[in-house]
Amino acid sequence: MTTAKGAEVGGGGILHWLLQDTMDGMRRRRAILGYLFLLPTLLGIFIFTAGPVFVSFGLSLFRWNIFKPPDYVELANYQRLMGDVRIAISFGNTLKFTVLAVATQVSIGLLLAMGVHRITQTAMRYYFRTAFFLPLLMSGAAVAVVMGYIFHKEFGPLNYYLGLMGVQQIPWKTSADWVLITIVIMSAWRNLGFTFVLFLGGLSNISREVLDAADVDGAQGFRRLWSVTIPLLSPQILFAAVTGVIGAVQVFEEPFIMTRGGPGNASRTAVMVLYEAAFKNIEYGYGSAIAVVLFLVILAFTVAQMWMSRRWVFYQ
Amino acid sequence: MTANLMRDPGDVSAGQHRLQVITFVAGKYVPIILLFMLSIVIIAPMVWTFSTSLRKGKDSFTVPPKWLPTDLAIENYAEVFEKVPFDRQIVNSMLITWGTVVGQLVSASLAGYAFARLDFAGRDLLFWVVLATMMIPIQAVVIPVFIFLRNMGLVDTLWSLILPAVPTAFGTFLLRQYFLTIPIELEESGLIDGVNQWQLFYRIYLPLVKPGLAVLAILSFNFHWNEFFRPLIFLIDNENFPITLGIFQLQGYMMTGSIAVVLAGVVMSLVPVIIIFLLGQRYLIEGIMRGAIKG
């Protein structure tokens, strides 16, 4: 960049036009700077996000595997997908997981935040905040590995302590009835840190006067929670629900590492079947069709939540 | 809470008053006790991971679990490096994560500034496009991106993870918000002092959005340090793996034999994120809150 004083060089038409030491010259320079500054991000987003979305849609209309060149098959991949039981089960599992995981992490995160919010002693607040937040620092892979041991039927510490309380050994990972619940518990364990911090911050933003006014009006206990606290926290609750759903629909490493999708298909998820189709069986077309469906599901969820939010989210 | 107690007790009989005191004390301490029990349940897996990583290999996976690491079997930590190229994997994780973070800070601060403070045709449309791409999950683009990287010869290199992660819609959006909070008067006084447009950005604006840069750096560090899905697809040779894949491989090798070695790997993988957490938890928490404020 040349300094404004460089305008005196004059000479070339376009250079002169650009380097004029006037308000217009400055406006032009700022506009060009704007495009230059955006270039890396826009180019990157075009190559790695915006472009590939359309390519995914396009690829989903081809049959393309490792042996043969791409072959245009119209909607055949989608027809195959509709009849694929394994995919139906995996998307069903993902949906069940999403509902349970989001409900758990939002409700328990809210309870924890309301509890900690009432604590005024600094050291204790700090302790609880750290304790509830720490699991969020772990990678999904580390969580899956650690929880794989903790939920072990014979040697896991969890069943050991439940046994002391008289509970029979629970087949956390090996029973089709339990495995989704196990994955819900482990992902809630990690994500509680997120919802907790979010709600704690939201609660501290609620002005004291509003709560005192509620007190005076006699709103206490459950009624105060329902008609005062929750409405005031609704922006955070919406955010937790939207990001929770987006994250949960993409669940992958927890079942992939802990159960490999089993027993049978009981913990197979949408992203797992996408991964298997595209990168194990090397069927890019079919994999893309799964990716497109997954994308549309996430989009539908997000839009639905945003639309619903217009009716009940309350901004203070 | 205290408001209840301080209400005029004049017309309250002694018995009622005692009841009030009991409810107050119970209302105050029962939730704390419950929270305390819950906090123990929540940190227990982490404490167990650490203690067990120091147990002797052969009894690492036996009940009852041991909570105090009295065996001090440090050799488990050494064994991680024999089973997988963990030293390489630590370096890989560092390179991938820092490469991504630095790239994001540069590109997102430029773009965020442009969207917040520069005026040009099509700005709002472009901003809307960038925002819209935040809705696109990685799975929706991973197949074309993989094919692209393979054609470029980048598969099984660290670049395959860094390059696609540098352009960040979220980071751009975040930093734009920070740039917008800076009063425009500053710019006018800066221009009078004769700084050029680049200096205005680099010397005047950028230092003022340092908290925003810290928030982006920390969120992005945590996210990319912990990434699993993209490395699993884009990398082949375990010499190129980040730590997350290293632990996964380690778990496969050890089965349920000596889980102490696997957990030693997990503990080591946690060190950088815990350091970052201790240094910058203010920014981490602010980052989480930021997302929510926009609604």
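1. In helix H12 of chain A, the buried residues (buried meaning under 20% relative accessible area, against over 50% for exposed and partly exposed in between, with a 1.4 Å probe and protein chains only) are Ala270(A), Val271(A), Met272(A), Val273(A), Leu274(A), Tyr275(A), Glu276(A), Ala277(A), Ala278(A) and Phe279(A). Because ten of the eleven residues of H12(A) are buried, this helix is largely enclosed by the rest of the structure. Helices (H or I, at least four residues) are DSSP runs numbered from the N terminus. After H12(A) comes Ile282(A), with a positive phi near 50 degrees.

2. On the basis of the note: this is a predicted model, in which local features need pLDDT of at least 70 and side-chain atom pairs count only at pLDDT 80 or more, while totals for chains, interfaces and linings use all residues. Residues are numbered from 1 along each chain as its sequence is written, chains are lettered from A and ligands numbered from 1 in the order in which they are written, and side-chain values use heavy atoms, with hydrogens and water left out.

3. How do H12(A) and H13(A) cross? Their axes come within 7 Å, at roughly 160 degrees; axes are lines fitted to C-alpha atoms, for helices over the stretch in contact, and angles run from 0 to 180 degrees between N-to-C directions. The two helices are therefore roughly antiparallel, a term for angles over 145 degrees, whereas under 35 counts as roughly parallel, 65 to 115 as roughly perpendicular and the rest as oblique. The crossing of H12(A) and H13(A) is left-handed, that is, the near helix is turned anticlockwise from the far one by less than a right angle, clockwise being right-handed. In this contact (heavy atoms within 4.5 Å), H12(A) contributes Ala270(A), Val271(A), Val273(A), Leu274(A), Ala277(A) and Ala278(A), and H13(A) contributes Tyr284(A), Tyr286(A), Gly287(A), Ile290(A), Ala291(A) and Leu294(A). By class, eleven of these residues are nonpolar, one is polar and none is charged; Ala, Val, Leu, Ile, Met, Phe, Trp, Tyr, Cys and Pro count as nonpolar, Asp, Glu, Lys and Arg as charged, and the others, Gly among them, as polar.

4. Helix H13 (residues 284-312) of chain A also meets helix H4 (residues 85-117) of chain A, their axes coming within 13 Å and crossing at roughly 25 degrees. H4(A) and H13(A) are therefore roughly parallel, and their crossing is right-handed. Ile87(A), Phe91(A) and Leu95(A) of H4(A) touch a set in H13(A) made up of Tyr286(A), Ile290(A), Val293(A), Leu294(A), Val297(A) and Phe301(A). The contact of H4(A) with H13(A) has nine nonpolar residues, with no polar and no charged ones.

5. Beyond neighbours within four places in sequence, its contacts include Asn93(A), Val179(A), Pro255(A) and Met272(A).

6. Helix H6 (residues 142-151) of chain B is mostly covered, with seven of its ten residues buried. The cover of these buried residues includes helix H2 (23-59), H12 and H13 of chain A, together with helix H7 (159-165) and helix H12 (229-234) of chain B. Gly153(B), which follows H6(B), has a positive phi near 75 degrees.

7. Chain A is divided into domain 1 (4-59) and domain 2 (78-312), with bounds that come from an automatic or database domain assignment. The centres of these two domains of chain A, taken over C-alpha atoms, are separated by 43 Å. Their contact takes four residues from domain 1 and five residues from domain 2 of chain A.
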